[in-house]
Amino acid sequence: MKPRITSLNVRDVEREELPVDVCIVGAGPAGLSCAIHLSRLLKEAGDEDRTILVLDKAEEIGHHSLSGAVMDPKGIAELFPDWKERGFPVLSEVKDDWAEMLRPGGGSLKLKGPLCPPPLKNHGNYMVSLNEITKWMSNEAEEMGVEIYAGFPVAEARFDGDTDRVVGVQTRDSGVAKDGSQKATFEPGMDVSADVTVFAEGVRGNLAKDLFRRLDVMDGRNPQTYGTGIKEIWEVSPEIGKEMHGKVMHTGGYPLDTKSYGGSWVYGIAENKISIGFVVGLDHPDARLDPHGLFVKWKQHPKIQRLLEGGKPINYGAKCVPEGGYFSQPRLHGDGFVFVGDTGGFLNAATLKGIHLAIKSGMLAAEGIAKALAAGDTSQAGLKGYQDAYEASWARDELYGYRNYRQAFSGGLFAGMLDFGIQMVTKGRGLVARRPGHSDHETMTPDSRSTTEAPSYNDSDSMDKLTDVYLSGTMHEEDQPAHLLVNDPSICVDRCTEEYGNPCKHFCPAAVYEWPKGSEAVVINASNCVHCKTCDIMDPYENIEWVVPEGGGGPKYLGM
Ligand code: SF4
């Protein structure tokens, strides 16, 4: 299948050519660990003249990186055995952990020690800021000779003629006006050619999405299933800061009903700060699902409200996570390319962890690429070493051990818990050998069945979406083509309004989609977009296409 339009670049313009050996799209932990490890392997092989280029859409490395985050140190300890001595940024070691089931009335059931579900035990793990980690890793990579260009979004993959061989990428044009005309500042994107392109775009990357459609990399796999995570960092009162420092609390229950999948976290990341967040599965049937609204309701539960009293929010962000696990991973390699990190589905949804898997996937890819370059064969066959090494690695064992975890919850909380209990004693099998998956938007039911009610907002702990977007530092050049493409606007008006009540006005955590009273068309406030990708996943007609905006646009996450 050929890709749909996912590039806003102008055609028929002369472009600068940039030949490199390996081009990595995305400076997250997977892309950067691939760059670092590959650089090291090439040097060991006496092949250090090769060029490794990393491109990232954020204005500065780390500005688009967001995670909870508690990190299993297994990955970084493999990449840098001396990671602690080198100054790898850690916020706090985990000193205590537990889970709580929140009751709608205000109480909760605390599950601690042997009662805490094993995947939520975090002793030996570390609280980190993904934003700081990626900055640190990019410095290490640059010192090793890796070229890193921030503020260079990639518009499209480049193919060798009519074949499916990826031969590099084209970066996004800048200086194009809203009406498509070229401004005085117009700069055409570069044509980067590479023997191997590494797609490390993070979750639901627009390039990987096209490759998934065009190639057979998802044949025999379950469709990926996603969750949307909403996060805030709070400066808290000295008492709460002291009480929570180094502690990890996960919650289930309120405000979700038993048909929904999701939960929350509270991490005591410093003596005066906590990281809080809420993730909800996008296979939720309610057309009025509002991940941000659920987060607000969760903050109003007395157990959480108590932690926020006397504090103030200082950062906000939102991002989707790939929850499908082992059976939802694409084939990880093809002619001239590999997938790593979230793009390759490297996330353990049961333990809520992906950084260690992202780092490991980058390292395994680097080993496969180094061998392919040495052999002069970067075809699908030449890069198969990466897939084979993954299948023999601890990363595969970990994901395979939870292979049916997320799908078991598609039948509701109780069915999921029963199956998960059986999975724990059958090494991840559960009730059936392989549970099927589905695309999240397929589960949405007509708006007439919606029961979700909007939360009540206030200025103290329950900010509305626009107040939160302000805390994310999000900015885009206003005079540029919208990077949220509605393929057929008539579907929004003629069908979606009637059938689903325009769910985009609910699910976007940045209030990008508005249907003003009396309006017959959606208003898209694209400059508010925090690049979470929920709309690209959840639109019931697959009518919304997220594409990269001009360089530097998007959130400015700090400490997230
Ligand atoms: Fe997320 Fe889409 Fe809203 Fe942007 S427009 S914040 S990608 S849901």
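Gly341 sits in the loop that runs between β20 (337-339) and α8 (355-375); helices (H or I, at least four residues) and strands (E, at least two) are DSSP runs numbered from the N terminus. With a relative accessible area of 1%, Gly341 is buried, where buried means under 20% relative accessible area, exposed over 50% and partly exposed in between (1.4 Å probe, protein chains only). Gly362 is 21 residues from Gly341 along the chain, and their C-alpha atoms are 7.0 Å apart.

The model is predicted: local features need pLDDT of at least 70 and side-chain atom pairs count only at pLDDT 80 or more, while totals for chains, interfaces and linings use all residues. Residues are numbered from 1 along each chain as its sequence is written, and side-chain values use heavy atoms, with hydrogens and water left out.

The domain assignment of the protein chain gives domain 1 as 17-66 + 133-217 + 330-400 and domain 2 as 405-434. Such bounds come from an automatic or database domain assignment. Taken over C-alpha atoms, the centres of domain 1 and domain 2 are 33 Å apart.

The cysteines come next. A disulfide is a covalent bond between the sulfur atoms of two cysteines. Here the term is applied to a pair of cysteine sulfur atoms within 2.5 Å, and the structure holds zero disulfides.

Ala, Val, Leu, Ile, Met, Phe, Trp, Tyr, Cys and Pro count as nonpolar, Asp, Glu, Lys and Arg as charged, and the others, Gly among them, as polar.

The second largest pocket has a volume of about 590 Å³. Of the 26 residues that line this pocket, Arg204, Lys209, Phe212, Tyr226 and Ser439 are the closest to its centre. A pocket is an open set of points on a 1 Å grid over the protein atoms alone, where a 1.4 Å probe fits, with protein on both sides within 12 Å along at least five of seven lines; lining residues have an atom within 4 Å of a point. The volume is the space filled by probe spheres set on the points, which are joined across faces, edges and corners. At least two lining residues come from each of α4 (206-214) and α16 (534-538), and α4 gives the largest share, four residues. By class, the lining has 11 nonpolar, seven polar and eight charged residues.
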